[in-house]
Each structure stands twice: as structure tokens, then as C-alpha cells.
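Please keep the sequence and the model at hand while reading.

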Amino acid sequence: MGNTCSRCGDKAIYSRTYSGEYFCGQCFKKSVEEKVVRTISKFEMLKYGERILLMISGGKDSLAMLRIMNSVARTHASELVAATVDEGIEEYREDGVEIAKDACSNLGIVHYVYGFKDLFSYTMDEIEKLKGKESSCSICGILRRRAMDIIAQKLDIHIVATAHNLDDIIQTFLINLLNNDIKRLPWNLPIHSETELFSQRKIKPLAEIYEEELSLYSFLNKERFQKVSCPYMHEGIRSEIRQILNALEKDHPGIKYSFFNSAINVSTYMRFPKIERQRCKKCNYPTFSEKCSVCSALDALEAK
Ligand code: SF4
Ligand code: ZN
């Protein structure tokens, strides 16, 4: 590259095109960590002394979040616990669970594993055989969100942190718009309280970090993370949207960040008027209709 780090003058290994800065490895890592801290304070994600649940899949983003939140928590006197959801996908999930367990134990963070089988009576492998035409990821996504809520309640948590990055957020925003799924927009915000019926806050501390920067961060930290993809992964339109947004960013550096800000403004606006929920007749969780999406999905499986 031949350029020098804009901060310390050492040899640069990365150029942040949207800001025009160059970084050596050390300064790059520090800049990512500082940016997460700024996001946390900008969106007022943490309050002093709360109990935070980190959802750790074993993928690179979740391990970056674990590492950064571990140092942030000290300044907020927060108590950290971590959990991994085991969807029950053979030859895929075991590796992620082990990696998450090791990473937490290295940092002295208590780590829990909760399985779909125990929570919902089905593994994803079993669901895959029963589900018919329905997409695996949409059923899995519904169950994972519910698993997170159940775990948070069981562990008496105030805040649930997930490792969504800036790219995840803008992709989901566009997908929701294209599907006319407007009422889900606020779920995508960096900080969000699901409904009045549910007390935990959900936060996304990596919300302002580009996916490619998290890959480099994890590479520089020599992080061991899960690389095998889920056998049921069917990204559909998401991978096309990812390509379009990355192509735009290449020609117009910073456009993803500007789009992120638009997504936040629109989604914030969509919180009002608040579409309040009722409780599911079957499981009592908050829902937009009489029966929640989890009960509907499980009933459909039972009927097969
Ligand atoms: Fe679940 Fe789809 Fe992710 Fe696999 S890729 S774990 S099925 S959401
Ligand atoms: Zn229900």
C-alpha cells in the first residue's frame, strides 16, 4: 500500500475509504473499539450496573462483540453473561457452541447453551424434514428470536446484545421495505424495546461497523471463529442486496453509512404511533395477531 497510518505513522495496512484515513493494525483495532464505544453512548444503550446478555453464535461478529463488550462492561459496572442458541443442526452447530464456550471461559464470562429441542421440542434438523416449502431460515429466525426472549427472562436480564453490524442493518431495512413489512422496521434499530409488554432492551453495539472491518478486526486478533456455513442457509434476496450495496459503496465511499442513517431515521419515525401488541392466546407472548408466529409455526409442524 505504501501509505502510513494516519494516527501513528507506522506502515498502513488498511485504508478506510469513506473517511480517507489509513491505519496500521493496532490503530485500526483501536478505531473499531472506539467506534463501538461511541455507538453505545450515542444511542444510550447502557445504564450503570445493569445485567447484559450477550448472544454469541461463535461467528466472527459475535466474538468481536464479546471482546469489546468485555472491556466496555467494566466502565459501566455492568454484569455480563453470554448465551448460545443451539438450533440442533448436526455437523454445524457443535463447532460454534465449542468456540463460544472457549471464548467466554477465556474471559471469565459465564456462558449458557439453550437448545431448540428443549425450548420448542424440535431440532432444526427435525424441522427441516417436516417443514415442506417454508424457508428454514424464516422458521429458525422466529424461533431464535423467541429463544432469546425466553433466555433473557430465565436469566433475569435487562439488556440483550446481538452482533448485527451496519451491513446487516441496512440489508434488513431494504428487505423489510421490499416486502412491505413496515411494522418490523423498528426491530432493526440499534436500540429497541420490543413492546410495553416486554421489559428487556435489545441493543446492537456493532451497528455502525462495516462487515468488512469486522472481518479484518477478527483476522488481526487471530480470533478462532466458526467458518462452516449452515447447511440450510438460503439467503435469497439478501445476498443480491449485499452485492448491490457493496458495489454502490465501491463507487461512492460512505454511501452505506449514509443509508444506515436514513434507515435509523425512518425506523425511528415508524415507532410512532406505536402499534401495540396483544398477548398470544396460546403462549401469552406479545404478538400482532391472536396466535403468535412461534405458536403458528409449531402448530403447523405438529399437523404434519
Ligand atoms: Fe437458522 Fe438459517 Fe441461520 Fe441456518 S442459516 S442457523 S437455518 S437462520
Ligand atoms: Zn404464542
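## The zinc site

A donor is taken here to be an N, O or S atom within 2.8 Å of the metal (3.2 Å for Na, K and Ca), and because water is not among the atoms, sites may look incomplete. In sequence, the donor residues of the zinc ion (ligand 2) follow the spacing C-x2-C-x8-C-x2-C. The residues in question are Cys 280, Cys 283, Cys 292 and Cys 295, each of which coordinates the zinc ion (ligand 2) through its SG atom at 2.3 Å.

The site of the zinc ion (ligand 2) is tetrahedral, with angles of 104 to 117° among its 4 donor atoms. Four donors count as tetrahedral if all angles lie between 85 and 135 degrees; four count as square planar and six as octahedral if opposite donors are over 155 degrees apart and all others between 65 and 115, and anything else is irregular. Ideal angles at a metal are 109.5 degrees for four tetrahedral donors.

## Basis of the model

This is a predicted model, in which local features need pLDDT of at least 70 and side-chain atom pairs count only at pLDDT 80 or more, while totals for chains, interfaces and linings use all residues. Residues are numbered from 1 along each chain as its sequence is written, chains are lettered from A and ligands numbered from 1 in the order in which they are written, and side-chain values use heavy atoms, with hydrogens and water left out.

## Cysteines and their exposure

Residues are called buried under 20% relative accessible area, exposed over 50%, and partly exposed in between (1.4 Å probe, protein chains only). By this scale Cys 283 is partly exposed, at 26% relative accessibility, whereas Cys 292 is buried, with a relative accessible area of 2%. Cys 140 also counts as buried, at 10% relative accessibility.

A search of the whole structure for disulfides, meaning pairs of cysteine sulfur atoms within 2.5 Å, finds 0.

## Salt bridges

The structure holds 21 salt bridges, a salt bridge being a side-chain nitrogen of Lys or Arg within 4 Å of a carboxyl oxygen of Asp or Glu. One of them joins the side chains of Glu 21 and Arg 16 at 3.8 Å, N to O; Glu 21 is partly exposed at 26% relative accessibility, while Arg 16 is buried at 5%. Another links Lys 101 with Glu 98, whose closest N and O atoms are 3.6 Å apart. Lys 101 and Glu 98 are separated by about one helical turn, because they stand 3 residues apart in helix α3 (residues 93–107). Helices (H or I, at least four residues) and strands (E, at least two) are DSSP runs, numbered from the N terminus.

Glu 211 forms a salt bridge with Arg 242, with 3.8 Å between the closest N and O atoms. Glu 211 belongs to helix α8 (residues 211–220) and Arg 242 to helix α9, so this pair ties together parts that are 31 residues apart in sequence.

## A nonpolar surface patch

Ile 244, Leu 248 and Ile 255 form a nonpolar patch on the surface, with about 240 Å² of accessible area together. Leu 248 is placed in helix α9 (residues 237–251) and is partly exposed, with a relative accessible area of 36%. Patches are made of residues with over 30% relative accessible area and no salt bridge, like charges being joined within 9 Å and nonpolar side chains (Val, Leu, Ile, Met, Phe, Trp, Tyr) within 5 Å. Accessible areas come from the Shrake-Rupley method with a 1.4 Å probe, and for residues only the protein chains shown count as cover.
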